[in-house]
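Student: Please take me through this structure. I will ask about one part at a time.

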Amino acid sequence: VTPDSFSDGGVLNDSYEQATKRALEMVDEGADIIDIGGESTRPGATPVELDEELRRTIPVIEKIRQESDIPISIDTRNSLVARAAVEAGADIVNDVSGGTHDEGMFRTVSELKVPIVIMHMRGTPETNDDVVEDVGNVLKVQSKLAEQAGIPRWLQVLDPGIGFAKELEGNLELLRKYNILRELVDDAPLLLGTSRKGFIGRISGEKIASNRDYGTIASCIAAICSPKTKAKASCDILRVHNVKATK
């Protein structure tokens, strides 16, 4: 529900009813979780004031919860928004900063006793020769900090942040080695969020984000079909725009 997201910015931010309707359509299409965010995380996006982020997200969460018991995820870097969202009916906190933006995030999620998605995000592109090892190590550190704050590992999902401040080859390397990443983070659950990202456009030549669903589906298949680890499959959750096509 933002005016400037890279794929559907401005489409759903003007009407809480319209945003709720689209969320319920996604449920009908097979979504298992609805992710609601009020701040764009695209490169160069302007940070949103807390009051505005709350204004954009809380009414939508409340309306969805009135209509459905679908699990709702709040996509936010701010602990105050996370708390307000859970109190409004959200079930999961999805922090694209991995707990690095707001030092109170892990403590807040611990108090709320809800699951958290911890994403790897950097302000500059990766320069490490082994991006998989680098991302895995950072995620393990943040996961440990979350655990120390009182969030047990079974309430944590890790996201390598494909498409966030990583070079094209780094994104592809992560996709190719999702199973290795899974082992590096000690078989913690992994989320994949490649949907309509810029690196898919670079490969396919498709400049319009909403036309990148074929590439999105291919990237999802690549992660899912990555060889299984000893304990589990390589990927557990797919975060996508087009649920019906991906299903």
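Student: Over how many bridges do β1 and β2 pair?

Tutor: Strands (E, at least two residues) and helices (H or I, at least four) are DSSP runs, numbered from the N terminus. Two strands pair if DSSP finds at least two bridges between them. β1 and β2 pair in the parallel sense, and their bridges number four.

Student: At what pLDDT do side-chain atom pairs count?

Tutor: Residues are numbered from 1 along each chain as its sequence is written, and side-chain values use heavy atoms, with hydrogens and water left out. This is a predicted model, in which totals for chains, interfaces and linings use all residues, local features need pLDDT of at least 70, and side-chain atom pairs count only at pLDDT 80 or more.

Student: Which strands stand at the edges of the sheet?

Tutor: The open sheet has five strands in the order β1-β2-β3-β4-β5, with parallel pairing. Two of them have a single partner strand each, so one side of each is left without a neighbour in the sheet; these edge strands are β1 (34-37) and β5 (156-159).

Student: Which residue of β2 stands opposite Asp35?

Tutor: Strand β2 spans residues 72-75, and its pairing with β1 is parallel. The residue of β2 opposite Asp35 is Ser73.

Student: Of which hand is the crossover from β2 through α3 to β3?

Tutor: A crossover is right-handed if, with the strands pointing away from the viewer, the path from the first strand over the helix to the second runs clockwise. The chain goes from β2 through α3 to β3, and this β-α-β crossover is right-handed.

Student: Are the residues of β3 buried or exposed?

Tutor: Buried means under 20% relative accessible area, exposed over 50%, and partly exposed in between (1.4 Å probe, protein chains only). In β3 (residues 92-95), Ile92 and Asn94 point one way, while Val93 and Asp95 point the other way. On both sides, these residues are buried.

Student: Which helix lies between β3 and β4 in a β-α-β unit?

Tutor: β3 and β4 pair in the parallel sense over three bridges, with Asn94 opposite Val117 in β4. Their β-α-β unit is right-handed, and its helix is α4 (residues 105-112).

Student: At what angle does α5 run to β5?

Tutor: Axes are lines fitted to C-alpha atoms, for helices over the stretch in contact, and angles run from 0 to 180 degrees between N-to-C directions. Helix α5 (residues 131-148) lies across β4 (116-119) and β5. Its angle to β5 is about 160°.

Student: Which elements do the buried residues of α3 pack against?

Tutor: Helix α3 covers residues 79-88. Its buried residues include Val81, Ala82 and Ala85. They pack against α2 (50-67), β2, β3 and α4.

Student: Which residues touch the most other members of the largest nonpolar core?

Tutor: A nonpolar core is a set of buried Ala, Val, Leu, Ile, Met, Phe, Trp, Tyr and Cys residues joined through side-chain atoms within 4.5 Å. Contact likewise means heavy atoms within 4.5 Å. Ile34, for example, touches residues that include Ile64, Ile70 and Ile72. The largest core has 51 residues, and those touching the most other members are Ile34, Ile61, Ile64, Val93, Ile116 and Leu192.

Student: How long is the polar contact between the side chains of Arg77 and Glu39?

Tutor: A polar contact is a pair of N or O atoms within 3.5 Å; within protein, one must be able to donate a hydrogen and the other to accept it, and residues adjacent in sequence count only if both atoms are side-chain atoms. Arg77 lies in the loop between β2 and α3. Its side chain has a polar contact of 3.4 Å with that of His101. With the side chain of Glu39, the polar contact of Arg77 is 3.0 Å.

Student: Is Lys113 buried or exposed?

Tutor: Lys113 sits in the loop between α4 and β4. Its phi is near 60°, a positive value in a residue other than glycine. The relative accessible area of Lys113 is 67%, so this residue is exposed.

Student: Is Asp187 buried or exposed?

Tutor: Asp187 is in the loop between α7 (178-184) and β6 (191-192), and its phi is also positive, about 65°. Its relative accessibility is 18%, so Asp187 counts as buried.

How values were computed: Lists of a residue's contacts leave out its neighbours within four places in sequence.
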